[in-house]
Structures are given as C-alpha cells and as structure tokens.
Amino acid sequence: MTMLCRFSFYFFVAAVFLFSVSDTFAAKNLKVYKHVDKDGIIHYSSKKPAGKSYSIMNVRCPECSAWRNAVNWQTTPLILGKFTQEIYTAAEKHDLNPALLKAVIHAESAFKPQAVSSAGAQGLMQLMPLTQKTYQVTNPYNPAQNINGGAAYLRHLKNTYSTMDVYLAAYNSGETAVERYGRTIPPFPETQEYVRRVKILYARYQRNLSAANNPNTQPYIGASSR
C-alpha cells in the first residue's frame, strides 16, 4: 500500500468516526463511495464521483440519533439462556444481581462474545484493555473471564458511586468523565441513552427472573425471546 493510499484510508477512518459521533447524521448507515484511480490510490467520499467507476460502502452509525431511537428497549426481545452459569457465578462472587449483568451484557454486546467496539472495547461486557489488565482478564473473548471482569468492575463502581445512574454512566464513559461532572451523568447523549437503556433492560430481566422463580407466574419476556 502506497503512502497516499494509506493516507486516504486513514482519512476515511477518521471521517467515519467523526460522522458516527455526530447527531447531525440522521441515517442508520452512512453511504460512502470508494474509487480507485489509475495510480491505484483508493479514494473515499460521501459524494458520488462524477464519471468514475466506484463501489458503495454502507457504514453503520450506531451512535447516530436515528439508530439510537430506532430500538424500543421496552419491547425488544430479551436474550435468554445464554451464558447463564457464567452470569450467576460472577453475580454471586461480586454480590450483584444477575439481572444487572444480563442487562449490561445485552446493552453492550447483545450477548456476542466476539464483539469489538470502534474504541477497542472487547467481548460480552465490552472491556477496555486497561480494565482487562486491572481485573486479570487474559482473554476478553472468553465468556467466563469477560463476565467476571465486567462484574468486578461494576462492583467497584457500585461501591464508589451512590446511585445506579452514576455507576452505569461511569461504566460507559469512564470514572474520569463522571468525576469531571461532579459525580453525575455526563452530558453526553450516548452515555445518557446508555443509562436509560440498561435500566429498562435491568427491570425487564429482573421481572423475568422473578417470574421464573414463581411457578404460578409466566416468565416475562417482553415481545419474545431469542
């Protein structure tokens, strides 16, 4: 890859990142045009190249407002029956409600153990490398290790901050951001939406667990389970 090609590629990556964190882009996906010129240099543009051959890349924008608002977290199916033993083991070890761990895993990775974020967070509970090191997670894609590390971090945050809103905000945006804003939820749309989402899922998973423990009650799963 030539220097110009590399520059074009890195510029594209930076542009996609800037697009993805801006709420001014209201579409679920960003349409990007890819064109290779006669010298083999790859160009990316949000505008259709005139009179040139090109391919279209649809870049998903999970942070854009349209995507955030597209999911109804009150009715989206709960994800049941996955990593149950790992969740209960970590919940008991760190004195947490398993419904909380289920909610965070659902919000962070939709129970996909190989998930990786654009920021470098990995695995079911989307642990950053420093968090992995702190809680001795040597393989972030191992469900048991990842859930145990995430649970340990949640336990630390719960001990540090007085309310669920704040410790969930710290899990999403980091303790530095929470401290900077006086131990409140930082004014970041992504973090505010994250706290709302996890609390909704937490309540739903808790109702499901309560119903499952009551033989006279049908388990609560919202729309359907998957």
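1. Tyr 135 is partly exposed, at a relative accessible area of 24%, whereas Tyr 153 is buried, at 12%. Here buried means under 20% relative accessible area, exposed over 50%, and partly exposed in between (1.4 Å probe, protein chains only). The model is predicted, so local features need pLDDT of at least 70 and side-chain atom pairs count only at pLDDT 80 or more, while totals for chains, interfaces and linings use all residues. Residues are numbered from 1 along each chain as its sequence is written, and side-chain values use heavy atoms, with hydrogens and water left out.

2. The structure holds three aromatic pairs. Tyr 135 and Tyr 153 form a tilted pair, 6.1 Å centre to centre with 45 degrees between the planes. Tyr 135 lies in the loop between α5 and α6 and Tyr 153 in helix α6, so the pair ties together parts that are 18 residues apart in sequence. Rings of Phe, Tyr and Trp (its six-membered ring) pair if their centres lie within 6.5 Å; planes under 30 degrees apart count as stacked, over 60 as edge-to-face and the rest as tilted.

3. Tyr 181 and Phe 188 form an edge-to-face pair, with 5.8 Å between centres and 90 degrees between planes. Tyr 181 is partly exposed at 35% relative accessible area, and Phe 188 is partly exposed at 28%. Tyr 135, Tyr 153 and Tyr 171 form one aromatic cluster.

4. Helix α6 covers residues 143-160, 18 residues in total, and reaches 25 Å from its first C-alpha to its last, close to the 26 Å expected at 1.5 Å a residue. The expected span is 1.5 Å times one less than the number of residues. Helices (H or I, at least four residues) are DSSP runs, numbered from the N terminus. At the start of α6, a side-chain oxygen of Asn 142 comes to within 3.1 Å of the backbone nitrogen of Ala 144.

5. The buried residues of α6 include Ile 147, Tyr 153, Leu 154 and Leu 157. Those buried residues pack against α3 (84-93), α4 (98-109), α5 (129-134), α7 (164-173) and α8 (175-180).

6. In the largest nonpolar core, of 39 residues, those touching the most other members include Val 104, Ile 147, Leu 154 and Tyr 171. Helices α3, α4, α6, α7 and α9 (189-212) each supply at least two residues of this core. Such a core is a set of buried Ala, Val, Leu, Ile, Met, Phe, Trp, Tyr and Cys residues joined through side-chain atoms within 4.5 Å.

7. Leaving aside neighbours within four places in sequence, Val 104 is in contact (heavy atoms within 4.5 Å) with Met 125, Leu 154, Leu 168, Tyr 171, Tyr 194 and Val 198.

Definitions and conventions. A polar contact is a pair of N or O atoms within 3.5 Å; within protein, one must be able to donate a hydrogen and the other to accept it, and residues adjacent in sequence count only if both atoms are side-chain atoms.
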